[in-house]
Amino acid sequence: MSVNNLLENWSQFRHFHPVDDKPHDPYKWAMSIDLDACTGCNACSVACYAENNLPVVGKEKYAHGQAMHWIRIERYWDEDDREFPDQGAQFLPMMCQQCEAAPCETVCPVAATNHTADGLNSQVYNRCIGSRYCSANCPYKVRYFNWYDYPSDDNVWPAEMNQQLNPDVTVRGKGVMEKCTFCVQRLHAAKGTARSEGRIVRDGEVQTACQQACPASAISFGNLVDPESRVHKQWQAQQVALDKDVQTKDKEEGGSELRGYRIFEELRPYPSVMYLERVRESAV
Amino acid sequence: MMNSGFDRRDFLKMLGWGGVAVALNGCGNTSVDDGKETVVSYVETNDYMIPSISTYFNSTCAQCDAGCNITGRIREGRVLKLDGNPDSAINRGKTCGLGQAGVQHHYNPDRVREPLLRKGGQGEAITWEKAYALIAEKLNGVSGEEIAFLTGGVSGHLKVLLGNYLDSFGCKNHFVYEAIAPAVLRAANKKSYGVEMPRFNINKAKVVLSFGADFLGAWVSPVHFSQQYAQFRKGVDGQRGVLIQVESKMTLTGANADRWVVVRPGTEGILALGIINALGIATGDIAAAVKGYDKARVSKETGVPPGQIDKIAALLKLRSPSLVLAGSAAEGYAHGSQNAAAINLLNQVLGNVGKTVEAAAVVPFPQMAPATGNTAALKTLNDGLNAGKYKVLFSYAANPVFTAPGAMKFKDSMAKAGFRVAFAHYLDETAMQADLVLPLDSALEDWGTQVPEYMAEGAQINIQQPLMEKLHANTRGMGDILLALIKLRHTEEYKKFDDYYAYLRTAVLQNKGALGGGVADDDTFWNETLSKGIIKPAGSSHVLSGNATAAGLSLPASAAIDAQYPLQLIPSVSASLRDGRHTNQPWLQESPDPLTTIVWDSWVEIHPKKAAELRIEEGDIVEVTGKNGSIKAQAYLFPGIHPDAISIPLGRGHEALGRYAKGYGVNPFQILDAVFDKETGELALHETRVKVSKTGQRFIVVKDEGVAGGMQMGRKIAVRVSSDKVRLSEEV
Amino acid sequence: MKDIREDIAWAKINKDVLGSLENPRKLYWVILFCAFAAFGVGIGCEVYQYQTGLGVANLNNPHAWGLYISTFIFWIGMSHSGTLLSAILHLMHADWRKPIYRFAEAMTTFSLMTAGLFVMVHIGRLWQFYYSLPYPDERGIWPNFQSPLLWDAMAIFTYLSSSILFLYVGMIPDLAICRDNMHEGWRKKLYTLLSLGWEGTDRQWRNFRVTYLTIACFLIPLAVSVHSIVAADFAMSQQPGWHVTSFPPYFVAGALYSGCSGIITLFIILRYVFKFEEYMTLSILKKIVRLTFAIAMVWTYLNAVEFASVWYSSDQASKDILIQKATGTYAPFWWGMIFCGSIVPLTLAFKRAQTSIPMLFAVSLLLNLGMWLERWMIIAPTFSHGYYPWTWDHDQWPSLVQWGMVFGSFGWFTMLFMVFCKVFPSVSMYEVKEMVYHRSLHLKKSETAEQGAP
Ligand code: SF4
Ligand code: SF4
Ligand code: SF4
Ligand code: SF4
Ligand code: SF4
């Protein structure tokens, strides 16, 4: 390995997401979350703990803002000072948005977090030195740092609790960053199976753990490149394009009557999660 | 008699059917390659068992009584994850957070591992032989009258076996106790519709008007209802369903309502009658009964503005069918039955019965039907204990020392039983009071059948089967224990059953025909059954015999404010902690309460207006005092509550139950007044009146929500749109 | 007022400066011990943190960075003093810098070494820090050249090595003086080795001048770039409060500012401790003070530019942070920064203050405090109040472990500096001689002129 190699090949590693110099093919994993269906029940979050070996940090550490939930359910109230929240609350499941032009990626000094060919923001635990610059630059603050060595903490996975750990997922030691991976271990398995059968992953063949649990089926997940996928259809129906920072429909006067939107689109991270607005009945 | 060879034998059986299951599924259905096989154990690996490739077993979630069907993922002989069984009509592949945490029940480090006999203050490990002998000795010469068997809700073959066991003494004292159960509703439904638990088709309704039924949270069958709710929101004929929730403390369901109507605690029934009045379509005695409930009066009593009543009535008239639900919030009063009856009347008036309220399917084996629990049973038991009636008390799947209202002083009553046996997974508060604690297999190690109380579509019997070998050598399944005990009395009759598995198999195969087995041979049918995890017998349906009458309805005016105890205490039930039996599952402790986002602790919800009046701020430790004691907890200012009420969640405040539960939060059961529903004798959960005072201490509330407190600060994060501004019909 | 007397004997200069190298007073040992103890506290904290995890620093999500990075920037800023005095003023022929640049350069080097420590204690996996270096790797894995943190690592290493070189090269003639005047012993050996056979020949002087000038020229853009790159850590990010175009000049100004105030502090201490009144004269101090005042005003102006551009922008998130800084949890510290950084230096405008040693000492400490607060106020508010309101967190304060390491860093710096002063001449002898010579020439010239030209 030489500097020549670096100079010659560097451009190959860097390109501008999500413009089409290198379209994702055959996979681009994406999500859509229907906030009108989401009830805020938290099942997705618990499922993520179960699937991804997330440590339970305990009350003390939680109090210090050191919780490790890769997906958190946020609860918002109306902001018009009414006495009672008579239109209910609004819930929003928030996890890594798998940004196409991820602000966290460019700043990592060691390239421990970077983009995969199938459009994920990957996190390489072994490479991470724990600078936390990625977290500093993530607009959504969905990166979680291992402030302690949870595997060796007393009450995180005492015997027999450790037997539940998913062997497909690493248990992270202290000093590394982690975050939602779109359950990459499941994607990996599904892609392997599909490859050995000479096809691509079919829609619905792979589910993320949060999606699988969600009692209200509020989460859809799939391959945005696949025109047959539900996610593709939803994004298309909502006229939300991955590579835009302002959607054409949003420029229309008087609104588009469509619900799809992405959070902080204007910051141009090009998130891979589309939300569908919560609806409230106007008649009551 | 059991011996130590039991584990292995039991498990070898499993291997037997497992092998056949593979033979069945091997024909092209599944393969190793897709990583999903319905196969089996690791202990005796067959060719198809490849380390690192998961196998999947179907079973039943035992975390609550909804009876969701689950599929466990097993690798290298360990169960790793539970997910919904897609073939289940109840949960269609989905689970709630509580269900997800089932593995932490199984792997919990604080499980009881040996039979324990009380020696002084300590539990001493003894052998099962000794334990059984001890029970036999204690039962010797005791009449059936003097034995009490307390359980939680039970159904299926376990219930049958338990019945047989009790019959062997001529004992009729089976007390089925559930701390939180829709017991009043069952009775009211029975009157209104002729059945205790009809089907509520939320997905078919265009408007759901719910009086405190937290069907997305903890009510009856939340996963099932959540799916129906999602369909309901997508709409029938493109028309999105509208949810109106009436309650005094916002539940998760209330937080999802299009209109959340805050009502003075206990006046739900009055509002229901007021809506009937405003609808103006009732006839006969109903019309007469609601005549007095004009808007002005109803509004005054309930605190709901007249305009709101009009709007609800108008919407209900416009969009049909609708569905009206009476939930636990409406039931929890001394006049709870009346409230529920008044609310049910709305369904009659609106013509929903037969459309959105339908008869549920029934399993054709009445002896297996669920024995549903209530608090009236506990009261009877408590009275009996106090009267010194019982020499031996058994307790299974209930924790009354923790959940009984403080006024009952159940712990003291329990001490009056001569000999107390607890069948337990953990040393919970009740087990701590027992003389003998018998350690149970976890739900993921045990065999069983279950009949859900709420039937989603057709009738179904759920199979519970081990997902892995036992973690601890000295735990036993409840069925096995009962079988061993009954063998002590009817040796001959039960000799042929080596264990509960054999009993179960025989019992199922005896009724193969009725259970849909057709002409399949026994092994095939049995293995198919286990492979599916659900038996779907051809069930009959009850017929709804509801009569629309307002006879006997009388609703008290809202209670005057008690100067000494001016606030109504609403003990709230959360979807993940329920009555506190699973509080020792750390995922649940750390899973934020959806509405307050608080973790690991209890809190007192108080309306900001009231808080300002009392000069209480978030994090102030307040003392909540009622007639039966007081508890201290942090205050949380919560807009979704009636200013004259406060709310404390149930489930925390354990003094036992292991490292993850003990010492976190407070237990509001302790300060509940012993007020009962006049008709059913059920504990009126919401009838405790309290006062709140500051202690001067202050904590920083441990919660997920940041300092912005659920505000978006003008940033477009969680966006909401009015229904007339969006085209839903073109959505995918 | 004369910046230096023109009639100091060269032998006296040698004697005074060499005298400062030996026979430390009791006070010296006391200070050294205290510095060592403070450093020990820092080490203790780091050992604890290393063993337990960074959680003990009470960092969290969103507060991913804390005092470690703030103090890192502070020390990087400090390091600009030496470059300013030696290189910039050297090129500008401001020869009043001569008696004081040496210790300022030492300050540069030691500040950088201190700053480097904070990078180490900050990262989660200290033992893997070398991943961030561009070393040839068998697997072809390189660090991410897009990351400002990487530029940082490279810039700081370059700056540190150049600074050490500059300090050393500039010291060679003095090391020869030491060599020639020392008794046999380890000192003599050390100076002999380090003075590289300096004889003061014409050729040596010529080469020396060229080398020194070259390094000086090299160092100036480097110094500017180092702090611009530290600024880039923030400006290149996308966070409100950080994504500010004026950050690079602002950081450089802040660096020069803290460097200057650091010089004032140390000037006064050295002058007192080593009795260097002859060389570190009030006149020179006054010049530094005026320079400090000027930089303070530049810094204030750049602050105003930042606030104004945020205020008149349409970036609500940045505005929110500005409001939060001025009115929220951090307000006392933020206003403290404004007070120390913009109000306190106004006193320097008064002539009386410019020569009052106790007053200047107090002011310089306040300015340093202000500059430290500035760095903290860049870090904390953006973390506590970023784009995403749900994760706003105003209640987390640095734990004692963090404070311990900040404290320890001052001990470490003092320790290095104290040792330096006893091993190397902290006043440049040969340059003071040059200065004295020039002054005497000048005096002669003016005397001749007064007497009337021949
Ligand atoms: S959401 Fe945050 S962590 Fe995820 S890709 Fe985007 S910037 Fe990175
Ligand atoms: S914490 Fe890890 S992933 Fe994040 S920027 Fe630092 S090294 Fe990269
Ligand atoms: S996609 Fe997977 S990793 Fe991400 S939040 Fe959902 S369950 Fe967790
Ligand atoms: S599981 Fe589904 S409904 Fe529940 S909070 Fe998560 S996304 Fe929302
Ligand atoms: S509702 Fe949840 S806890 Fe209850 S059975 Fe279903 S999955 Fe299990």
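Ala, Val, Leu, Ile, Met, Phe, Trp, Tyr, Cys and Pro count as nonpolar, Asp, Glu, Lys and Arg as charged, and the others, Gly among them, as polar. The exercises below use these classes. The model is predicted.

**Exercise 1. List the residues around ligand 3 and sort them by class.**

Solution. 
- Step 1: collect the shell. From chain A it takes Cys48(A), Asn52(A), Trp70(A), Ile71(A), Cys180(A), Thr181(A), Phe182(A), Cys183(A), Thr208(A), Ala209(A) and Cys210(A).
- Step 2: sort. Eight are nonpolar, three are polar and none is charged.
- Step 3: place the residues on the fold. Helices α2 (43–52) and α7 (209–213) of chain A each give at least two residues to the shell around ligand 3.

**Exercise 2. Describe the shells around ligand 1 and ligand 2.**

Solution. 
- Step 1: take ligand 1. Its shell has 14 residues, and Cys96(A), Cys99(A), Cys104(A), Cys138(A) and Arg143(A) come nearest.
- Step 2: sort that shell. Around ligand 1 there are nine nonpolar, three polar and two charged residues.
- Step 3: take ligand 2. Here 13 residues surround the ligand, the closest being Cys108(A), Cys128(A), Ser131(A), Arg132(A) and Cys134(A).
- Step 4: sort again. The shell around ligand 2 holds nine nonpolar, three polar and one charged.
- Step 5: check the backbone of Arg132(A). Its phi is near 65°, a positive value in a residue other than glycine. Arg132(A) sits in the loop between β5 (121–123) and α5 (133–137) of chain A.

**Exercise 3. Characterise the interface of chain B and chain A.**

Solution. 
- Step 1: count the residues. Chain B brings 101 residues to the contact and chain A brings 85.
- Step 2: take the area. The size of an interface is often given as the accessible area lost when the parts come together. For chain B and chain A the buried area is about 8000 Å², with 54% of it on carbon and sulfur atoms.
- Step 3: find the top contributors. Trp587(B), Arg720(B) and Val732(B) supply 10% of what chain B buries against chain A, more than any other three residues.
- Step 4: count the polar links. There are 14 salt bridges across this interface. One pairs Arg727(B) with Glu257(A), at 3.2 Å from N to O.
- Step 5: trace the source. On the side of chain B that touches chain A, the largest share is seven residues from helix α7 (residues 222–234) of chain B.
- Step 6: sort that side of chain B. It divides into 46 nonpolar, 23 polar and 32 charged residues.

**Exercise 4. Which strands pair between chain A and chain B, and in what sense?**

Solution. 
- Step 1: identify the pair. Strand β11 (residues 278–280) of chain A pairs with strand β28 (residues 720–722) of chain B.
- Step 2: read the sense. The pairing is parallel, over three bridges.
- Step 3: Arg278(A) stands opposite Arg720(B) in β28(B).

**Exercise 5. Work out the strand order of the open four-stranded sheet in chain A.**

Solution. 
- Step 1: write the order. The strands run β8-β1-β10-β9 in chain A, with mixed pairing.
- Step 2: name the edges. β8 (219–223) and β9 (260–261) of chain A each pair on one side only.
- Step 3: β9(A) pairs with β10 (residues 273–276) of chain A in the antiparallel sense, over two bridges. Gly260(A) stands opposite Leu276(A) in β10(A).

**Exercise 6. Characterise the interface of chain B and chain C.**

Solution. 
- Step 1: count. Twelve residues of chain B contact twelve of chain C.
- Step 2: take the area. About 960 Å² is buried between chain B and chain C, and carbon and sulfur atoms give 64% of it.
- Step 3: find the top contributors. Val707(B), Arg715(B) and Ile717(B) supply 55% of the area that chain B buries against chain C, more than any other three residues.
- Step 4: look for charge pairs. The count is one salt bridge. Arg715(B) forms a salt bridge with Asp320(C), with the closest N and O atoms 2.6 Å apart.
- Step 5: sort the side of chain B that touches chain C. It has five nonpolar, four polar and three charged residues.

Conventions
Residues are numbered from 1 along each chain as its sequence is written. Chains are lettered from A and ligands numbered from 1 in the order in which they are written. This is a predicted model: local features need pLDDT of at least 70, side-chain atom pairs count only at pLDDT 80 or more; totals for chains, interfaces and linings use all residues. Side-chain values use heavy atoms; hydrogens and water are left out. Contact means heavy atoms within 4.5 Å. Buried area is the accessible area (1.4 Å probe) that two parts lose on being put together, summed over both. A salt bridge is a side-chain nitrogen of Lys or Arg within 4 Å of a carboxyl oxygen of Asp or Glu. Two strands pair if DSSP finds at least two bridges between them. A residue is near a molecule or strand if one of its heavy atoms lies within 4 Å of it.
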